[in-house]
Amino acid sequence: MEKSLCFYFQVHQPDRLRLYRFFDIGNDSNYFDDFANRTILNRVAQRCYLPMNAILLELVKKYKGKFKVAFSISGVALEQFEKYNPAVLDSFRKLADTGCVEFLAETYSHSLASLKSEKEFETQVKLHAKAVKKYLGVTPTAFRNTELIYSDTIGEKVASMGYNVMLTEGAKHILGWKSPNYIYTNAINPRLKLLLKNFNLSDDIAFRFSDRSNPNWPLTSEKYADWLSKSEGNGDIINLFMDYETFGEHQSQSTGIFEFMKALPEAVLSRTNLKFRTPSEAAGLHQPVAPLHVPFAISWADEERDTSAWLGNELQNEAFNKLYAQQERVIKSKDEALIADFRKLQESDHFYYMCTKFFSDGAVHKYFNPYDTPYEAFINYMNVLSDFIVRVDRLSDKGKKAAVKESGKEPAAARSRKSSTKKTTAKK
Amino acid sequence: MFGWEFPPHIAGGLGTACYGLTKGLAKHDVEILFVMPSASGDEDQSAVKIVNASDVPFTQSWSDMESFLNRVDFLKVSSNLVPYIDPQLYSEYAGSAMTRSEYEQFKVKYGCKYRFSGKYGVNLMEEVANYAMVAATIARENTFDVIHAHDWLTYAAGIAAKRVSGKPLVIHVHATEFDRSGENVNSQVYNIERMGMLEADKVITVSNLTRNIVINKYGIDPKKVVTVHNAVDFNEFKQVDVHRGVRDKIITFLGRITFQKGPEYFIEAAAKVLKKVSDVRFVMAGSGDLMNRSIRRVAQLGIADRFHFTGFLRGNDVKRMFAYSDVYVMPSVSEPFGISPLEAMKSNVPTIISKQSGVAEVLKYAIKVDFWDIDAMADAMYGLLTYPALSQMSIRCGVEEVNALKWENAALKIKDVYTAAINGN
């Protein structure tokens, strides 16, 4: 049987926070920098989403079913497309309609919920599937977690939710001598098949494509197809997973990345025996070779391939724990605005900005970070979170009062300094 | 008088003190030639620019402005000296790669009004020496009876003026190197400070705490060291109205987040209080070299949802911060005087100060704790939060005490020092 070549692109845009000052706590609950979010989204749409989608659509049509790719688009990104640039949604929808493009399931808000709360994780996955159906007209069947985070227990959970394919990183410290070019299964539930990212070949495009200090520069489609053909001997499948923003944004148009992709299908089909397949398709064709044991969570980030980019220092852990401590009350409140903000505050990006690992992957971190220092990111996030908690407190107080059917008005939530002084006097 | 910044661009305690002192002295019929460094950039740096006093903008209404202005003349010296700088910082900021924007940040950080021209040497000591040369020129061209120099950056200028004119020198110690750096003193700075104190005819210290340091650590003859406590001038003080967004009580630390100010003790005490009381928030307002370490510590203690950082606050935000506060804490490890607790008290905020601060000598009713005694500090915070009687009394007595501290009185003492210096006792 012909071996598979599996492309999957990640599409995500965070809801960046505005500069939220201490004095805003309790007074102003607009957390997001709409201007920056809109500007960045439109910029990336112009440079990447729109031109690249057009190229992919052309390729799919040209090769009549022989060229296939997969996407995962976070729910918050879908929301931003609808709000700021609906043309992007249309172009994805067109890709979906070809039947040659698979859309994967993930958490709605690109969150780290899988590491903290099963319940919230499940809710978000369901929400995301609903959003994909709504915007793109398809129901996802394969799953990929935020930043390809995976562990045995997360895999088990995903399997229990009805997915039988999951994508993750081919992390060296997990694989050891094993090759990422086979299909593996979850160690607890063997029905869940795992596709592992071939990070060498993926990063050749995503990170090294325009690197002139790389001896292999410039990378041509033919050269790359030859590398693929060398790898195809040992394995069933080659998984190329990367950020979609690689095309036109991280690697700008002037590097020739678009031309590279335009010529790639021809080069692959003529020089190798590989067939383009979507993750679900490939997982259905190839037999898994072994279970893969992943006791601790892995991801596709940084040299460490673990979760330390988001939860690697005390700042991140503190912010993360304080956020999820509110979960129960937030969900209970049934307040839509509150729950929506709760989800947006869970976006992994907020924690990424607080990362202090400057040495191993500082350059990558810096590229994605709107803050000058992790400390600023932390202060700003905690100020926002403090306001959020104030809102949760107010609502749950109200809830309690409604429960005991107390009459009378809710005490004014924010009091001026004067009245609070009076109050103390009165007590005395 | 070799002083520092002047209104409307007042930043640190030093500027405020110089200003208050000058006003007080003017009331006691002392005429002052006020010399201060100012680098406005495009001026000819070799020249000393004399600014007509009436050109100096005053924003506040002072009842007797005319007579004040008649007695105070201003000299601005082109120099990029700024208050609160040490040689290391200076070279960091004045170093080769320094860009204007970086300096702007630095300016904001230290709240000074001077612009950097980029024309000066990278060595702070050189700058101090330049300033002293200019001072000598000024001393030759003007007539006066006594020279008064504030803090170590101007001591050399004071000495130069003394050598040229033969008039007595009074130096005013607002802070020593031991306050700024603990035991790790910069010997260059120490030497200049000591030289200034030895050359001076009289040394004024802002507290007995500082007086002891001057006597014990610099070996200065106790007879010539006089303590004159600072005062405060609240003529323009206005309470600002704020809309508090949170119901919780707020305990505030406001100042540079540096070793001298003892931020870590505030954090540890906060963690203790938070174990007992839930409806309280802590705010650390300011910036400094210990800020990142403080943030980490707060995160480690798991109290970051109740402990906020505001970054550097300026102008009106400082007043807003006081208006927001229910308790003000100054846990300074070493504070020659410390004017901010007085501002807090004036804003009706009960105040906890460390016993290691000069201001503790003039405040009878403020709650005083050792800076290292985080249990006592936590107790005091808890008490002020939970017992209304205590905070009420603290507010009432605080305002009274602060109102009693007048620059006029301090200036009178300083005038006596001048007289003594002139008469050679």
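Why is strand β5 (residues 165-169) of chain A largely enclosed by the rest of the structure? Five of its five residues are buried, so the rest of the structure largely encloses β5(A); buried here takes 20 or more other C-beta atoms within 10 Å of a residue's own, with C-beta atoms placed from the backbone. Keep in mind that this is a predicted model, where local features need pLDDT of at least 70, side-chain atom pairs count only at pLDDT 80 or more, and totals for chains, interfaces and linings use all residues. Residues are numbered from 1 along each chain as its sequence is written, while chains are lettered from A and ligands numbered from 1 in the order in which they are written.

**Around β5(A)**
- Strands here are DSSP E runs of at least two residues, and helices are H or I runs of at least four, numbered from the N terminus.
- On one side, β5(A) pairs with strand β4 (residues 142-144) of chain A, parallel, over three bridges; pairing takes at least two DSSP bridges.
- R144(A) has L167(A) as its bridge partner in that pairing.

**Domains**
- Chain A splits into domain 1 (4-292) and domain 2 (308-403), with bounds from an automatic or database domain assignment.
- Their contact takes 25 residues from domain 1 and 20 residues from domain 2, counting C-beta atoms, placed from the backbone, within 7 Å.

Notes. A residue is buried if 20 or more other C-beta atoms lie within 10 Å of its own, exposed if 12 or fewer, and partly exposed in between; C-beta atoms are placed from the backbone. Two residues are in contact if their C-beta atoms, placed from the backbone, lie within 7 Å.
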